[in-house]
Amino acid sequence: MQRFKDILCVVGDVTADGHVLERAVTLAGNNQASLTVVEVVDRVTAGIGMPEGGPISADLQTALVSAHEAGLETLVNSYRARIGIQTRVLVGVSFLEIIREVLRNRHDLVIKSPENRDWLDRLFGSEDMHLLRKCPCPVWLIKPGKRKSYRRILAAVDAGDAYPEEELASRRALRRQIVEMASSLALSEFAELHVAHAWDAVAEGAMRGAFMYTPEEKIVAYVEEERRYHATSLDGLMREVTGDLGQDALDYLKPQTYLVKGDARKEIPLLAKQIGADLIVMGTVARTGIPGFIMGNTAESILNQIDCSVLAVKPPGFATPVTLTG
């Protein structure tokens, strides 16, 4: 079962992110994990006639950091009786400093709320998307809500194996990790577990096209063969993962699986809305990283359509393009 050992909680507004800290404290306690809470503040830049890095700008930066350190301490103090918490104020571009904190201290999960982007028609802003693409550890973006726990968790996986041999190992490891994390959270949240795989019969469109006459019975047989292949792959993945859960956990979870025909970019957000998912666990990778289960534009399209929390996972061996300097 997937367990976290060193959690990084990012708060953007100490007066509004109590729900994020509460979930981080609970998860750290359940996993017997370390917890660090950080806030990222902007770097003070020199004004007109003010030298860069001069004493005035340095004093302003120190005062800004001190004020936010005090606010952060006030926020976490009430939780210290439950768990040990470290706090830190980082300075710079938000997503860069969060990733650098992960690299420096080897955190294995980042928890934060989405950016406040009320003027956009999507939940996640540009800083969030940078973090989802480039952070080397899983990122859990928690949508503010009235409920303290989740009712339905959806794991979106690619169970197929029709990929180049050099990609298969990372894809298989990633989809297993996605289901393991979703299962672990469903157990701790007393939530329903839903697992979905979107598939398509790639040649169906060409077979029905004007330039290729194919009898309908052959098209139907081809589509059914593809469906059986993907159904077998999804069943195999579920047997592999649930075999490690133990019978008691499996009997409690009773995971529901969905074999959805169509493009993942359309079908996964639609299914999430239909079942009322509170959290989607899915794979995302940067274009410069190791190929993952939902790649590039597909992952970003899904993220731009959903209106629930998301836990984004990278494949093993993913290398972030962000460095500690520069």
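## Working through the sheet and its helices

In strand β10, V310 is the bridge partner of L141. Keep that pair in view as you go. This is a predicted model, where local features need pLDDT of at least 70, side-chain atom pairs count only at pLDDT 80 or more, and totals for chains, interfaces and linings use all residues. Residues are numbered from 1 along each chain as its sequence is written, and side-chain values use heavy atoms, with hydrogens and water left out.

**Exercise 1.** How are α3 and α4 oriented to each other?

*Solution.* 
- Step 1: get the numbers. α3 (residues 94-105) and α4 (residues 126-134) pack at about 30°, axes 9 Å apart. Axes are lines fitted to C-alpha atoms, for helices over the stretch in contact, and angles run from 0 to 180 degrees between N-to-C directions.
- Step 2: name the orientation. Angles under 35 degrees count as roughly parallel, over 145 as roughly antiparallel, 65 to 115 as roughly perpendicular and the rest as oblique. So α3 and α4 are roughly parallel to each other.
- Step 3: list who touches whom. S94, F95, I98 and I99 of α3 meet E127, H130, L131 and K134 of α4; contact means heavy atoms within 4.5 Å.

**Exercise 2.** Which word describes how α5 and α7 lie to each other?

*Solution.* 
- Step 1: take the angle. The axes of α5 (residues 165-189) and α7 (residues 216-242) cross at roughly 60° and come within 10 Å.
- Step 2: pick the word. That makes α5 and α7 oblique to each other.
- Step 3: find the residues. From α5 come R175, R176, V179 and E180, and from α7 come L237, M238, E240 and V241.

Note on methods. Helices (H or I, at least four residues) and strands (E, at least two) are DSSP runs, numbered from the N terminus. Two strands pair if DSSP finds at least two bridges between them.
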